[in-house]
4 protein chains.
Amino acid sequence: MAEIPDPRLATSHHELRVRFCETDMMAIVHHANYLVYCEAARVDWLHKRGVSYADWQRMGIQLPVVDVSIRYHKPARFEDVLDVETTLVELTRVSVRFRYFVKRAGVLLAEVGTQLACVGPELTVRRMPEDVARVFRSGEATST
Amino acid sequence: MAEIPDPRLATSHHELRVRFCETDMMAIVHHANYLVYCEAARVDWLHKRGVSYADWQRMGIQLPVVDVSIRYHKPARFEDVLDVETTLVELTRVSVRFRYFVKRAGVLLAEVGTQLACVGPELTVRRMPEDVARVFRSGEATST
Amino acid sequence: MAEIPDPRLATSHHELRVRFCETDMMAIVHHANYLVYCEAARVDWLHKRGVSYADWQRMGIQLPVVDVSIRYHKPARFEDVLDVETTLVELTRVSVRFRYFVKRAGVLLAEVGTQLACVGPELTVRRMPEDVARVFRSGEATST
Amino acid sequence: MAEIPDPRLATSHHELRVRFCETDMMAIVHHANYLVYCEAARVDWLHKRGVSYADWQRMGIQLPVVDVSIRYHKPARFEDVLDVETTLVELTRVSVRFRYFVKRAGVLLAEVGTQLACVGPELTVRRMPEDVARVFRSGEATST
């Protein structure tokens, strides 16, 4: 069954600066890069809960993206400092869902949703280990 | 009002080979690259109707992506030859929608949807010129 | 000792079309993408000699890039059709060197050189297996 | 004539964390991404001297990369924190050269060199404005 995480714990912020190579000839951030930004924000979300996703990978825990939705409101541009507000919005026995608000100076540029499935070495879906699920239920560590 | 294009005209196929740099450490195509593949397929869809998107750009006609959805079914891998089946599914006075089936040897790997808005030089939405709309209603040119 | 391959056999051509996402806000191809183009050309060079680099990867033969030089002469732009002329210029017991001329309609846009080392699973340099070296000495297969 | 900048002023450091999407199926950072890292470091080098490269772009000052050399010593991996030590090593009337040491915990992973040319709107080489040259001669601002 799907579980809705405690909203007071489920959100973290990731700040990044738009790189030159992330722009395209419209002089705005190319639309595929928002998935890159959300991925970086998600890895940081885990960091802030004491977990390295690289360690999970080495332990055979992989969480590939299985579903994406993006709504683009305003373009981001080179050198913009973006805030990616990342919230865990659903946890099931085999998957998690995150929602992201990409903002510049408080203005919403894009809303993103991703679902990630827990898979084993052969990329077949597996039940999420309890240690992993516990991380998704937790809030930011008080000292990082 | 939204217009549904003639399904006999609205579909084209784009073939591509997965590049090494498009893989990630899971040894599969990184999920953001499907947007790159669909963009290449869309540009090719226009080519097959006698239009260069680069020419449109020079004429001030830009069609940024404003909405994306992706459902990933199976991973693509390095050197895979992919077929991106691209269909125009909706045309309005200011936007178009495409749906894509990314397949390998007939097997569906991912379904993608994108909406593109017609914008002017300042990226403000504008009514699509009739010449542009006519291209979206047309089928593949008989000789390219 | 370094071996200079037979120049009549060592060259192949790879054609590609510049993708929208490969441009940057200068409206030219971002300079890092030339490494992507040369990598695609190199994989194709192997294909034309009957070898899949993906198969080599699965057999534990990896050839990471250890040295790069690029001289940019003229910019490439969106939708340009590029010809990457790829020549094996040196073969040693543990490495190979390729030189690339990236051209558009016969005009030289960039010259690239790469050296690749043969490494084992732990990325330590190893002697190139004779089967692999033989491929580097061979010309394009007559039927592909 | 080429001018060698004051070595006490010419160096800055840029720290970044390797993103998941920057890895490839060898589970190391794809070799093209070092150019991305150096570009980010170069933009940051300017920031630390009070300049936004985005502002320069808007003023018509562009500095495309015209020459690159890279020597890869050890691979970088996902989540690595990298230090890009960036030094201006040459300044002429129309170009600048930077040298970069990409390190992880003090260990050298790659050495990179880039030359950038000053160009005008049509990408033709132009003499560097004195305001721009002055920035390249300056050290980090004491307060940023």
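Student: What makes E2(A) and strand E2 (residues 65–72) of chain B a pair?

Tutor: Strands pair if DSSP finds at least two bridges between them, and E2(A) and E2(B) have five bridges, in the antiparallel sense. In one of them, Ile70(A) has Val68(B) as its bridge partner. Strands here are DSSP runs of E with at least two residues, helices runs of H or I with at least four, numbered from the N terminus. A caution: this is a predicted model, where local features need pLDDT of at least 70 and side-chain atom pairs 80 or more, while totals for chains, interfaces and linings use all residues. Residues are numbered from 1 along each chain as its sequence is written, with chains lettered from A and ligands numbered from 1 in written order.

Student: How many residues does each chain bring to the contact?

Tutor: Chain A and chain B bring 19 residues each. On the side of chain A that touches chain B, E2(A) gives the most, eight residues.

Student: Why does His73(A) count as exposed?

Tutor: Exposed requires 12 or fewer other C-beta atoms within 10 Å (buried: 20 or more; partly exposed: in between; C-beta atoms placed from the backbone). His73(A) has 12 such neighbours, so the label exposed applies. His73(A) sits in the loop between E2 and strand E3 (81–91) of chain A.

Student: Leaving aside neighbours within four places in sequence, which residues is His73(A) in contact with?

Tutor: Contact means C-beta atoms, placed from the backbone, within 7 Å. His73(A) has such contacts with Leu108(A), Leu109(A) and Ala110(A). The C-alpha atoms of His73(A) and Leu108(A) are 7.1 Å apart, across 35 residues in sequence.

Definitions and conventions:
Contact = placed C-beta atoms within 7 Å.
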